[in-house]
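Here are my notes on this model, for you to read alongside the coordinates. They take the sheet, then the helix across it, then the pocket.

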Amino acid sequence: MKAEFKGRLTRNEFMGAATLHARQNRTTTLAQASIAVFGTITLAAVALNYDEYMVLAIVLIPFWVILWNARSIFARLQASAQWQRQPVVRGIIEGKIDDTGLTIKTSAGQSKIPWSKILGFRANSRTLLLYHEQHVYNVLPQRIFASDKAWENVQALVLKYTQLWPSPATGRAFWILAGVSLIGGLAAWLTIFI
């Protein structure tokens with residue numbers, strides 16, 4: 001089984017790949033820490049009936065939402081800057097995927113990456129990311145493959161030789177803190193406005 005590809009990444013595909021990568025990495029330590037702080041302040045404010053701390057907790061709600069989405073926003077800004085500064089990204093990419101791995105050629109050179117070096121993948125309906133390291137991946141949009149059959153071959157090969165790249169572990173403690181934060185936020189709103 002083999003699938004060949006040739007084409008240029010569009011700016012939207014490149015930025016979409018960065019968003020796909022970032023969206024699945026959102027549960028960062030910073031977001032988890034903000035949830036913990038928000039939950040602690042809110043519960044302390046409700047328990048001790050400190051209105052000033054409840055107001056602080058309510059102010060932290062928008063901050064928490066922004067922080068939660070900041071990684072995706074930052075990834076798109078960073079991808080936009082890379083798109084502007086790196087002509088290789090805007091150039092033609094061509095190659096093939098077969099039982100030996102990925103062969104890719106750009107204006108910077110040619111690489112042959114065996115399946116043993118591809119650690120995992122992420123995908124949506126139009127784009128495939130093949131990971132070599134945690135933040136190093138090749139972007140392969142469906143559009144650059146010659147046919148739907150070639151795209152299906154790629155998907156079959158990827159599933160055969162690699163696995164879904166895991167999102168960072170979101171442990172039970174994270175979800176407990178998220179629940180506590182939500183309950184604390186609702187309690188603060190009810191206490192202040194009722």
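**Notes on the predicted model**

1. Start with the sheet. Four strands form an open sheet in the order β1-β2-β3-β4, and the pairing is antiparallel. Bear in mind that this is a predicted model.

2. Look at the edges next. β1 (2-8) and β4 (109-114) each have a single partner strand, so one side of each is left without a neighbour in the sheet. On average, neighbouring strands of this sheet are turned by 10° against each other, direction ignored.

3. Now the β1 pairing. Seven bridges join β1 to β2 (residues 92-98) in the antiparallel sense. Opposite Lys6 stands Glu94 in β2.

4. What lies across β1 and β2? That is helix α5 (residues 148-161), and α5 runs at about 115° to β1.

5. Turn to the largest pocket. Its volume is about 680 Å³. The lining of this pocket has 23 residues. Nearest the centre lie Phe14, Gln82, His135, Tyr137 and Val139.

6. Which elements give two or more residues to the lining of the largest pocket? They are α1 (11-23), α3 (51-85), α4 (87-90), β3 (101-106) and β7 (136-141). The largest share comes from α3, with six residues.

7. Of the residues around the largest pocket, 14 are nonpolar, eight are polar and one is charged.

How values were computed: Residues are numbered from 1 along each chain as its sequence is written. This is a predicted model: local features need pLDDT of at least 70, side-chain atom pairs count only at pLDDT 80 or more; totals for chains, interfaces and linings use all residues. Side-chain values use heavy atoms; hydrogens and water are left out. On a 1 Å grid over the protein atoms alone, a cavity is a set of points where a 1.4 Å probe fits but cannot get out, and a pocket is an open set with protein on both sides within 12 Å along at least five of seven lines; lining residues have an atom within 4 Å of a point. Grid points are joined across faces, edges and corners, and a volume is the space filled by probe spheres set on the points. Ala, Val, Leu, Ile, Met, Phe, Trp, Tyr, Cys and Pro count as nonpolar, Asp, Glu, Lys and Arg as charged, and the others, Gly among them, as polar. Two strands pair if DSSP finds at least two bridges between them. Axes are lines fitted to C-alpha atoms, for helices over the stretch in contact, and angles run from 0 to 180 degrees between N-to-C directions. Contact means heavy atoms within 4.5 Å.
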